[in-house]
Amino acid sequence: MVGSVGSGLADLGASMNRNGKAATAAAEPLPMEMDPPADVMAAAAAAAAAAEGKAAGEEAASNGRREIVMGRNVHTSCFAVKEPDADDEETGEREATMASVLALYRRSLVERTKHHLGYPYNLDFDYGALGQLQHFSINNLGDPFIESNYGVHSRQFEVGVLDWFARLWDLEKDEYWGYITNCGTEGNLHGILVGREVFPDGILYASRESHYSVFKAARMYRMDCVKVDTLMSGEIDCADFQRKILQNRDKPAIINVNIGTTVKGAVDDLDLVIKTLEESGFEDRFYIHCDGALFGLMIPFVKKAPKVTFKKPIGSVSVSGHKFVGCPMPCGVQITRLKHINALSSNVEYLASRDATIMGSRNGHAPIFLWYTLNRKGYRGFQKEVQKCLRNAHYLKDRLKEAGIGAMLNELSSTVVFERPKDEEFVRRWQLACEGNIAHVVVMPSVNIDKLDYFLDELVEKRATWYEDGISKPPCIARDLGEENCLCGLHK
């Protein structure tokens with residue numbers, strides 16, 4: 001995947017015009033007392049110019065695609081931390097400068113949010129009512145169900161959220177254990193760790209299109225890991241899965257099942273995976289972790305979709321809280337069977353509690369944000385949002401094809417995959433996630449028809465200029481999405 005790294009003041013400078021003044025298009029005005037000092041504006045403009053020149057050089061050197069070099073890309077520009085001057089308290093100059101930087105940064109966030117389409121974050125939320133809690137250091141140390149000596153926590157909210165998800169996935173209160181994680185990756189790390197503890201000599205199986213955190217877990221835990229082929233849709237190929245588990249029939253199987261793959265939004269067939277395991281002689285020798293980062297919370301509200309439920313022989317499910325739910329900070333939910341957790345749990349005298357989580361300190365604000373949203377929306381609210389996302393995703397896919405742009409949308413998904421735009425500046429502007437010749441848009445509740453039309457009109461207009469010379473051709477995506485979804489010169 002090709003990505004880009006933000007560059008401090010350069011990002012702010014992008015919102016400025018040639019005269020060094022803050023751009024006003026589609027941006028909120030600064031408060032009167034926050035007119036940016038000249039040094040802040042000059043630094044922003046200089047950083048923007050330097051970053052623009054550097055980006056142009058990188059693109060020329062790498063055939064239009066940014067090269068990612070560890071350590072070099074990150075330290076291009078930053079917001080420097082400076083020691084206060086002796087008279088700062090009297091003059092207030094430092095406070096004014098910091099306020100200006102923050103105001104400019106906020107303006108850049110407004111602009112970047114306006115052009116956000118490629119990553120699965122729901123940006124439609126309002127947590128103003130929770131601002132009163134930001135003055136507290138809320139930390140949910142240790143086990144959510146065992147209170148520690150640290151009293152400034154939100155366990156009562158955390159357990160309420162966990163109960164809601166346990167009900168969603170058909171697991172009784174006295175049969176589950178879980179916690180609010182710091183991100184979706186932590187949910188996968190924990191689920192796979194539980195599987196490894198249940199079957200210490202087990203082999204991890206995951207489709208090639210699984211999230212990279214699954215393979216990170218294998219490296220961290222020194223587990224044998226087998227990558228399974230996928231169908232064109234991105235779904236796990238159960239024929240290849242069977243061939244590979246039969247090659248290791250003497251060892252238990254730990255399987256990562258995707259409830260929505262990262263790039264194509266494909267949902268693995270959980271029932272077929274279970275059937276394959278049982279028919280191959282693994283009846284009581286497998287552990288299934290379901291990675292439902294995005295679609296784990298959407299699929300329960302899709303009509304005729306297969307159920308993700310603990311009534312089936314699965315071991316754990318994880319979802320992200322900052323994706324479909326719309327929590328403003330990264331977080332997630334991990335649920336597993338209580339009977340599995342004793343192998344991980346240990347007493348911590350320092351906390352006067354037990355701990356079976358991966359991280360020690362955990363963000364105590366995240367459970368409150370999740371609790372607030374679950375209470376406001378409920379099952380009906382989420383169902384409406386899911387239906388809206390699927391409807392808008394079909395609209396996007398149809399309009400792309402009408403414009404002669406190859407595209408694919410999986411049946412249970414709101415991720416629309418299409419030919420990669422030729423211009424990397426366009427890719428960065430719309431923050432598209434790309435892989436090889438394909439890119440995708442993840443249609444979330446915050447993505448409405450007006451935003452899709454804005455994107456589509458600009459894409460069609462730009463695309464006409466990319467290929468107007470008649471020499472350059474749109475990429476063939478038949479190998480990525482199938483001939484039926486490719487509209488290149490050969491397959492149109």
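## Helix 5 and helix 11

In this predicted model, helix 5 and helix 11 are roughly parallel to each other, because angles under 35 degrees count as such. The two helices, spanning residues 155-168 and residues 365-402, pack at an angle of about 30 degrees, and their axes lie 8 Å apart. Their crossing is left-handed.

On the side of helix 5, the contact is made by Phe-157, Glu-158, Val-161, Trp-164, Phe-165, Arg-167 and Leu-168. Helix 11 contributes Pro-367, Ile-368, Leu-370, Trp-371, Leu-374, Tyr-379 and Phe-382. By class, the residues of this contact comprise 12 nonpolar, no polar and two charged.

Seven strands form an open sheet, arranged in the order 1-7-6-5-4-2-3 with mixed pairing. Strand 1 (176-181) and strand 3 (225-228) are the edge strands, each pairing on one side only. From one strand to the next, the twist averages 15 degrees.

Two helices may be described together with this sheet. Helix 6 (residues 184-198) lies across strand 1, strand 2 (203-207), strand 4 (253-258), strand 5 (286-291), strand 6 and strand 7. The direction of helix 6 is at about 175 degrees to strand 5. Helix 9 (residues 270-279) lies across strand 4 and strand 5, and runs at about 165 degrees to strand 5.

## Strand 7 and its neighbours

Strands of a sheet pair through backbone hydrogen bonds, either parallel or antiparallel. Strand 1 and strand 7 run antiparallel and are joined by six bridges; in strand 7, Ile-335 is the bridge partner of Gly-178. Strand 6 (residues 316-320) is also antiparallel to strand 7 (residues 332-337), with five bridges between them. Within strand 7, Gln-334 is the bridge partner of Ser-318, and Gly-332 is that of Ser-320.

Six of the six residues of strand 7 are buried, so this strand is largely enclosed by the rest of the structure. In a regular strand the side chains alternate between the two faces of the sheet. In strand 7, Gly-332, Gln-334 and Thr-336 point one way, whereas Val-333, Ile-335 and Arg-337 point the other way. The residues of both sets are buried.

Strand 12 and strand 13 (residues 438-442) run antiparallel and are joined by three bridges. His-440 of strand 13 is the bridge partner of Ala-433.

Definitions and conventions:
Residues are numbered from 1 along each chain as its sequence is written. This is a predicted model: local features need pLDDT of at least 70, side-chain atom pairs count only at pLDDT 80 or more; totals for chains, interfaces and linings use all residues. Side-chain values use heavy atoms; hydrogens and water are left out. Axes are lines fitted to C-alpha atoms, for helices over the stretch in contact, and angles run from 0 to 180 degrees between N-to-C directions. Helices (H or I, at least four residues) and strands (E, at least two) are DSSP runs, numbered from the N terminus. Angles under 35 degrees count as roughly parallel, over 145 as roughly antiparallel, 65 to 115 as roughly perpendicular and the rest as oblique. A crossing is left-handed if the near helix is turned anticlockwise from the far one by less than a right angle, and right-handed if clockwise. Contact means heavy atoms within 4.5 Å. Ala, Val, Leu, Ile, Met, Phe, Trp, Tyr, Cys and Pro count as nonpolar, Asp, Glu, Lys and Arg as charged, and the others, Gly among them, as polar. Two strands pair if DSSP finds at least two bridges between them. Buried means under 20% relative accessible area, exposed over 50%, partly exposed in between (1.4 Å probe, protein chains only).
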